[in-house]
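This report describes a predicted model, beginning with a single chain and ending with the contact between two copies.

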Number of protein chains: 2
Amino acid sequence: MPRLFQKITIMERVNFDELMLLIEQKKFRELKDILENLNEADVAEFIQELPQNDAIIVFRLLRKEIAAEVFSFLDIDIQQLIVNAVTDNELQEIIDELFVDDAVDIIEELPANVVKRILKGIDPKKRNIINQFLKYHENSAGGIMTAEFINLRKNMNVAQAFEYIRKNAIDKETIYTCYVTDSSKILEGVVTVKDLFLANDGDLVKDIMDTDVISAYTSDDEEEVAALFSKYDLLSVPVVDKENRLVGIVTVDDAVDVLTTEATEDFEIMGAMRPSEKPYLRTNIFTLARNRIPWLLILMISAMFTGAILTHFEEAFAALPILVTFIPMLTDTGGNSGSQASTLVIRGMALNEIATKDFFKVLVKELGVSVIVGFVLAFVNLVRIIIFNPGQTLVGVVVAFSVLATVIIAKSLGVILPMLAKKLKFDPALMASPLLTTIVDAISLIIYFLFAESILPGL
Amino acid sequence: MPRLFQKITIMERVNFDELMLLIEQKKFRELKDILENLNEADVAEFIQELPQNDAIIVFRLLRKEIAAEVFSFLDIDIQQLIVNAVTDNELQEIIDELFVDDAVDIIEELPANVVKRILKGIDPKKRNIINQFLKYHENSAGGIMTAEFINLRKNMNVAQAFEYIRKNAIDKETIYTCYVTDSSKILEGVVTVKDLFLANDGDLVKDIMDTDVISAYTSDDEEEVAALFSKYDLLSVPVVDKENRLVGIVTVDDAVDVLTTEATEDFEIMGAMRPSEKPYLRTNIFTLARNRIPWLLILMISAMFTGAILTHFEEAFAALPILVTFIPMLTDTGGNSGSQASTLVIRGMALNEIATKDFFKVLVKELGVSVIVGFVLAFVNLVRIIIFNPGQTLVGVVVAFSVLATVIIAKSLGVILPMLAKKLKFDPALMASPLLTTIVDAISLIIYFLFAESILPGL
């Protein structure tokens with residue numbers, strides 16, 4: 001009785017060390033047997049932990065059906081490695097076994113001459129679909145959809161539908177939502193296997209199908225397609241062309257990937273980096289440095305302006321050095337207040353909770369929040385200065401007013417900049433903390449010294 | 001032929017204005033008919049856009065089966081509103097129709113006396129399950145699982161399995177992955193409806209089931225359970241107790257919610273806020289202000305130390321005012337460099353791509369990156385100062401060295417602080433940009449003035 005009760009839970013993962021030992025001892029037969037009984041995602045994870053040569057050797061051990069599925073779980077850089085190492089014939093076999101969406105993903109990364117050689121050997125019907133799918137933008141619904149789905153006709157009855165599904169299930173990525181089309185492939189409705197289970201064998205598909213289909217166009221953005229899955233709790237979304245003909249489906253596992261990847265990209269952009277293509281631990285330091293230097297340079301140069309402002313007010317702080325003490329507090333508070341607002345706005349727009357039409361609603365809200373927050377922080381500063389810097393009450397008033405004004409301006413910019421970016425078709429995440437902080441730094445210093453010059457005597 | 005071809009695509013949503021008009025004109029009959037033909041998620045969205053009184057009126061129009069499903073799509077604050085507005089009887093009907101996971105979520109928010117009244121009227125079997133489920137922590141696998149799943153026996157044949165599924169499908173949340181248990185509910189294997197379709201009617205479940213089950217314990221963290229869905233492309237994950245007895249399942253739609261919510265929480269924490277419970281537009285300004293003030297105060301007070309450091313080196317910048325010009329550039333560059341590293345580390349840990357055992361690997365990598373980045377930025381500064389501030393080459397050297405040292409220290413702290421937080425069971429996201437920037441500000445100023453004092457003559 002093999003492996004009964006054994007569970008790969010979150011904590012007890014597969015013991016990779018044991019498998020590594022088998023490689024060292026060249027016990028490949030034994031390794032093959034073990035790997036072919038593991039979950040394909042675990043095998044992929046194991047291969048990714050190996051040195052390049054071993055990774056290729058281990059991958060080539062696998063039976064071709066398993067190899068294709070393991071391949072689809074690998075990260076793109078390891079896929080490339082394998083593509084370069086195997087023969088055209090082997091590669092063709094892998095691509096033949098893959099679902100169209102995975103096949104297209106890998107073909108997109110290959111040099112043109114290799115693509116030609118490989119596609120030549122593939123079943124013409126599949127080749128045509130692959131060629132068509134290659135035309136869609138990789139971040140569109142067309143770019144993440146697959147061609148394997150169950151296609152029913154509305155005049156079938158339930159028994160016929162089941163028979164059709166059982167005959168065609170083997171190479172369909174998702175069989176649980178079936179799509180009903182007419183003879184020119186126009187999408188007419190959708191019926192789930194659960195609906196079919198609950199109906200009687202003689203019922204007609206057209207009587208149980210749902211005609212209120214939630215679908216996407218091939219050109220729709222992948223992020224918006226993924227949002228449909230969250231909103232409607234779907235397992236798959238049909239993708240149609242401009243004539244409403246069904247051309248593919250997006251499955252929930254791909255939607256999960258899109259949600260995760262897009263969130264990661266937003267984190268990276270908001271952290272002042274170019275998004276990376278590979279997981280952190282497998283990205284080399286030169287790529288990491290290249291992703292980081294441009295933004296650091298831009299922000300560094302912008303910060304020079306802030307420096308110039310400081311120099312401009314040199315006389316003020318020569319006359320009253322205590323003013324300098326509050327500069328870091330003021331600029332940091334401005335930056336943090338602004339990034340609070342921009343973080344919520346950027347994330348809200350990514351989740352479709354905030355639309356550009358909500359601009360004034362959001363701005364008014366942030367003004368309200370910034371007045372409350374600003375007064376609290378201003379008050380704390382005033383009290384602090386009165387207690388710890390006796391005789392400097394006027395400086396306290398200057399600091400308090402500056403904090404209030406800075407918070408209000410920072411939070412307003414935290415709304416305006418990302419929403420403006422979205423309107424201008426830039427990524428709102430660009431307007432996050434780093435850039436905003438640099439802008440707010442300069443503004444808060446100007447406010448501070450203008451207040452100081454007009455309130456404090458002798459400046 | 002109603003609504004054929006009409007698709008709710010991403011761009012053409014339901015026309016809420018038309019529905020609002022029906023409310024204004026008190027055409028509730030007509031409204032009811034339209035709503036009951038819409039997707040439940042759309043009805044929920046519509047209700048959330050209404051003023052409170054209308055929301056309740058519209059909700060009460062719905063047939064009870066539809067009402068329960070719409071209810072499960074509503075945000076928690078509107079659910080509360082409805083709970084307070086309907087009679088115990090109505091509420092009981094809703095809870096009776098809900099899947100256990102949704103029922104438990106709402107019951108958790110009710111006052112104890114209401115819970116008692118409501119549970120009294122519910123089917124005893126369901127009541128027992130609800131009472132049991134209420135005991136799990138809301139962020140654990142137990143807290144997000146549901147009790148509705150298909151439970152097969154290994155000696156059933158395929159035809160019997162299908163018969164069982166068809167009879168029991170009606171109130172099962174996910175029927176496509178069936179779980180095989182023995183008489184004491186110990187989980188023995190898993191079989192998908194697709195596996196059943198591909199088998200022959202006479203085949204036994206035990207011969208086609210997969211015994212390598214990916215499962216979770218009731219106490220496992222919901223984030224780690226959600227990660228299983230991403231990694232293994234699953235539709236549901238069985239949840240077992242310590243004795244390996246199957247007690248519930250988590251479905252992929254809940255996993256998607258967890259992934260989205262957790263990412264949003266990380267964005268908020270990294271943006272120096274307490275996570276909010278409701279979408280931005282429905283959170284009032286007092287709650288927003290309350291979520292933001294604590295962190296702003298903490299960071300503001302920390303920034304006072306940086307101010308104190310500035311004061312400490314007052315003499316240096318009185319003697320050589322040009323030193324002040326480079327302060328914003330230096331502190332911003334430090335903050336940004338650090339937050340680049342911390343962003344990648346925090347996100348990498350959230351996605352399980354980076355484990356605490358990888359600490360030295362990550363630290364070495366960041367040291368490498370920071371040397372490259374640091375030299376580039378230092379060089380740019382040196383050249384800039386030589387060109388634009390003739391005769392100040394020594395100041396350029398001080399600035400260049402300070403930038404290099406600041407970048408190295410900032411990136412190291414960007415690794416150390418989040419990973420230390422994780423090790424100490426704090427949320428790594430707390431160690432993101434805002435706090436890190438404040439710490440790095442102080443350190444970079446100290447470095448700067450120490451370099452200045454030791455290199456520049458006369459300070």
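Chain A has 23 helices and 6 strands; helices (H or I, at least four residues) and strands (E, at least two) are DSSP runs, numbered from the N terminus. The radius of gyration of chain A, taken over C-alpha atoms, is 30 Å, well over the 23 Å that the globule rule gives for 459 residues, so chain A is more spread out than a compact globule. That rule is 2.2 Å times the number of residues to the power 0.38. Along the principal axes, the C-alpha atoms of chain A fill a box of roughly 90 × 60 × 50 Å.

The model is predicted: local features need pLDDT of at least 70 and side-chain atom pairs count only at pLDDT 80 or more, while totals for chains, interfaces and linings use all residues. Residues are numbered from 1 along each chain as its sequence is written, and chains are lettered from A and ligands numbered from 1 in the order in which they are written.

Of the 459 residues of chain A, 46% count as buried. A residue is buried if 20 or more other C-beta atoms lie within 10 Å of its own, exposed if 12 or fewer, and partly exposed in between, with C-beta atoms placed from the backbone. Among contacts in chain A between residues at least 6 apart in sequence, 69% join residues at least 24 apart; two residues are in contact if their C-beta atoms, placed from the backbone, lie within 7 Å.

**The three-stranded sheet**

An open sheet in chain A has 3 strands in the order β1-β2-β3, with mixed pairing. Two strands pair if DSSP finds at least two bridges between them. β1 (149-152) and β3 (187-192) of chain A stand at the edges with a single partner strand each, so one side of each is left without a neighbour in the sheet. Direction ignored, neighbouring strands of this sheet are turned by 35° against each other on average. Helix α12 (residues 158-168) of chain A packs on the sheet and touches β1 and β2 of chain A; its direction makes about 150° with that of β1(A). Axes are lines fitted to C-alpha atoms, for helices over the stretch in contact, and angles run from 0 to 180 degrees between N-to-C directions.

| Strand pair | Sense | Bridges |
|---|---|---|
| β1(A) and β2(A) | parallel | 3 bridges |
| β2(A) and β3(A) | antiparallel | 5 bridges |

The bridge partner of Leu152(A) in β2(A) is Val180(A). On the other pairing, Thr181(A) stands opposite Leu187(A) in β3(A). β2(A) and β3(A) form a hairpin with 5 residues between them, and Lys185(A) in the turn has a positive phi of about 70°. 5 of the 6 residues of β3(A) are buried, so β3(A) is largely enclosed by the rest of the structure.

**A buried helix in chain B**

7 of the 10 residues of helix α5 (residues 64-73) of chain B are buried, so this helix is largely enclosed by the rest of the structure. Among them are Glu69(B), Phe71(B) and Phe73(B). The buried residues of α5(B) pack against α3 (40-49), α4 (52-61), α6 (76-85), α7 (88-97) and α8 (100-107) of chain B.

**The two copies**

A rotation of 180° with 0.0 Å of shift along its axis superposes chain B on chain A (RMSD 0.1 Å). That is the relation of a two-fold axis. The superposition is by least squares on the C-alpha atoms of residues with pLDDT of at least 70 in both copies. The same surface serves both copies, as 99% of the contact residues of chain B recur in chain A.

104 residues of chain B are in contact with 104 residues of chain A. Helix α17 (residues 285-312) of chain B gives the most to the side of chain B that touches chain A, with 16 residues.
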